[in-house]
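Here are my notes on this entry, kept to two topics. Please read them with the model open.

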Amino acid sequence: MGSLLPVLDLNASPNPSQPATAAVALKVPKIEPKAEPYDEPLPPPQTTPQPPLDLFPNPQITPPVAPPADQDTVYSEFHRIQELFHSAFAKGIQNCDGGGGGGGDEDGVVLDPESGAIVPVEDDSQKQQLAEVVQRKKYPQRSNELVRVTDLREEDHRYFREVVRKTRMLYDSIRINSIAEEDRKNPGQGKRTRGDLRAASVLRDRGLWLNRDKRIVGSIPGVYVGDLFFFRMELCVVGIHGQVQAGIDYLPGSQSSNREPIATSIIVSGGYEDDEDAGDVIIYTGHGGQDKFNKQCAHQKLEGGNLALERSMHYGIEVRVIRGRKIQNVVSQKVYVYDGLYRILETWLDVGKSGFGVYKFKLLRIEGQPEMGSSILKFAESLRTKPLTVRPRGYLSLDLSQQREKIPVRLFNDIDADQDPLYYEYLRAPAFPTHVYHQSANGTGCECVNGCNQNCICAMKNGGEFPYDQNGFLLRGKPVVFECGSFCRCPPSCRNRVTQNGMKHRLEVFRSRETGWGVRSLDLIHAGAFICEYAGVILTREQAHIFSMDGDSLIYPHRFADKWAEWGDLSQIYPDYARPTYPAIPPLDFAMDVSKMRNVACYMSQSTTPNVMVQFVLYDHTNLMFPHLMLFAMENIPPMRELSLDYGVAVADEWTGKLAICN
């Protein structure tokens with residue numbers, strides 16, 4: 001692609017179409033990164049107004065009048081300066097913060113007025129105390145060593161994926177709990193603090209940010225194409241993009257071995273007037289020359305991130321591309337999707353839409369990568385509204401639940417002629433034995449007519465805190481969660497009624513070549529969000545023995561892995577953190593038959609590194625021996641990604657000797 005401007009020097013400013021004789025006053029472009037908008041505007045810094053430093057605190061002592069110009073002897077000048085210092089330090093130097101914060105002489109450096117000294121002598125103890133106050137925590141700098149990770153074995157991929165998964169889980173747990181803690185301390189205080197910034201700060205203090213010891217070129221181990229991030233700070237924590245706001249992440253020339261900057265990743269948000277995004281091909285605009293309203297007001301130069309992209313093109317170094325998309329979500333206003341690796345084909349200086357010179361870079365996506373996550377987001381969005389138009393063939397049912405669920409469950413198969421899920425009766429909730437409810441006839445509940453608060457009896461059942469935040473996200477896993485139930489007087493909108501209100505995400509049962517039948521969501525599922533219940537016919541131990549004689553496969557809830565303990569686990573942050581043991585639950589002594597009646601959850605596939613966990617919940621009865629099996633997301637799950645559970649199939653069940661798995 002040729003430039004519209006025949007300029008040989010890439011640092012030379014293009015000349016707009018004006019008469020040669022006209023004097024043009026060019027604005028000097030700012031040397032600044034290509035700023036991307038924050039997820040939310042940062043709150044203004046709160047500063048305490050400070051009075052100016054008063055060098056003459058004693059009103060009775062005034063500075064000596066300067067001597068006449070002809071009295072310039074050495075003695076008179078020395079005497080004048082001595083008196084000035086004595087008057088300035090007679091009552092002590094004010095606090096180092098300018099007098100703010102309530103400090104007095106005891107907080108500063110005191111001069112003994114009888115000593116006759118000009119310069120005060122500092123107290124060592126005060127100096128050490130002051131150093132502790134003003135010293136800021138220093139973080140290790142990012143490495144200046146560029147590396148490319150290759151030749152990873154399958155177990156290496158699993159290891160790094162687990163590291164990334166646990167780090168992101170920890171990030172989400174801290175973020176959700178920090179916001180919930182603020183709500184408990186200051187309810188109804190309007191705008192809350194940035195939980196994403198708080199979580200990133202805590203992880204950074206503990207040295208838990210990933211990939212800080214190396215600057216990785218190319219793919220980040222453990223990060224998959226299509227992974228979603230709700231916050232820019234999470235990109236920094238994982239190490240996929242190291243700039244908090246800048247759209248170009250690069251190794252500066254001052255830190256490079258050959259003194260040339262190298263770009264490693266960019267963010268494409270579509271918020272710049274000269275950007276063009278066609279998916280596999282991107283025309284990316286450089287940084288610089290913008291005002292505070294993100295409008296181009298001056299010419300760009302080949303420096304900083306612009307030069308880094310040009311050098312990456314010169315050396316054939318690929319860059320990671322993350323796309324930002326605006327969404328309607330309770331968590332953030334934007335989601336960031338990792339779309340894989342691109343090569344920079346060419347760069348040129350062009351006239352932008354605002355009439356100023358801008359650098360443009362043409363990027364082409366490298367072949368052989370998984371489908372872009374941003375494309376899957378668009379595809380899922382169209383499926384939610386026009387399923388038969390987008391996929392005219394393959395749907396066996398647009399609602400497998402037959403209106404038993406609040407949201408239709410779709411059934412899709414474009415692989416073979418199998419229609420097996422149509423032959424089962426759909427259950428919205430498990431069928432418990434009648435004696436389970438008879439034993440709960442005298443249950444107790446809360447009296448919170450207008451909604452539950454922290455002093456609610458149901459909060460006491462959960463250890464003195466509600467298990468969910470204001471958005472319905474699970475704060476941390478517990479042996480069992482008590483929701484408000486039929487004995488409570490609180491409304492259906494109570495924050496402690498989450499799972500009993502049913503599904504909120506559009507799920508689809510689909511035919512898979514790898515797992516047989518599987519389940520995926522057409523919506524983006526946030527970490528900690530409720531997905532659905534695992535439903536079947538509940539059998540006692542004696543009934544399970546009878547059924548097992550016929551060879552029917554049963555689900556044994558006590559075999560599910562305790563993944564709930566990982567959600568909200570802050571042992572890496574607080575060494576004395578203890579795994580929740582209250583409310584306690586006895587060993588489960590029942591099985592679940594799904595051979596005739598089941599729901600959508602029964603088609604979830606097995607995985608030892610699942611993205612869905614089981615949380616035991618009670619709400620419609622109080623029998624601890626028969627809890628509900630509620631499924632929650634352990635991570636941010638993109639649309640069309642398969643949902644998986646850990647059924648605990650590594651060991652055969654001691655009752656039947658069979659693997660506890662349905663599919």
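**Notes on a pocket and a strand**

1. The second largest pocket holds about 600 Å³ of space. Its lining comprises 23 residues, and those closest to the pocket centre are Y224, S607, T609, E642 and S644. Keep in mind that this is a predicted model.

2. Which elements supply at least two residues each to the lining of the second largest pocket? They are helix 3 (154-185), strand 15 (507-512) and strand 22 (605-606). Helix 3 gives the most, with six residues.

3. The lining of the second largest pocket divides by residue class as follows: 10 charged, nine polar and four nonpolar.

4. Now to strand 10, residues 357-365. Seven of its nine residues are buried, that is, under 20% relative accessible area. Strand 10 is therefore largely enclosed by the rest of the structure.

5. Strand 10 pairs with strand 9 (residues 334-351). The two run antiparallel and are joined by nine bridges. Within this pairing, E346 has K362 of strand 10 as its bridge partner.

6. Strand 10 also pairs with strand 7 (residues 281-285), again in the antiparallel sense, over five bridges. Here I283 stands opposite K362.

7. What separates strand 9 from strand 10 in their hairpin? Five residues lie between the strands. In this hairpin, G355 takes a positive phi near 90 degrees.

Methods: Residues are numbered from 1 along each chain as its sequence is written. This is a predicted model: local features need pLDDT of at least 70, side-chain atom pairs count only at pLDDT 80 or more; totals for chains, interfaces and linings use all residues. Side-chain values use heavy atoms; hydrogens and water are left out. On a 1 Å grid over the protein atoms alone, a cavity is a set of points where a 1.4 Å probe fits but cannot get out, and a pocket is an open set with protein on both sides within 12 Å along at least five of seven lines; lining residues have an atom within 4 Å of a point. Grid points are joined across faces, edges and corners, and a volume is the space filled by probe spheres set on the points. Helices (H or I, at least four residues) and strands (E, at least two) are DSSP runs, numbered from the N terminus. Ala, Val, Leu, Ile, Met, Phe, Trp, Tyr, Cys and Pro count as nonpolar, Asp, Glu, Lys and Arg as charged, and the others, Gly among them, as polar. Buried means under 20% relative accessible area, exposed over 50%, partly exposed in between (1.4 Å probe, protein chains only). Two strands pair if DSSP finds at least two bridges between them.
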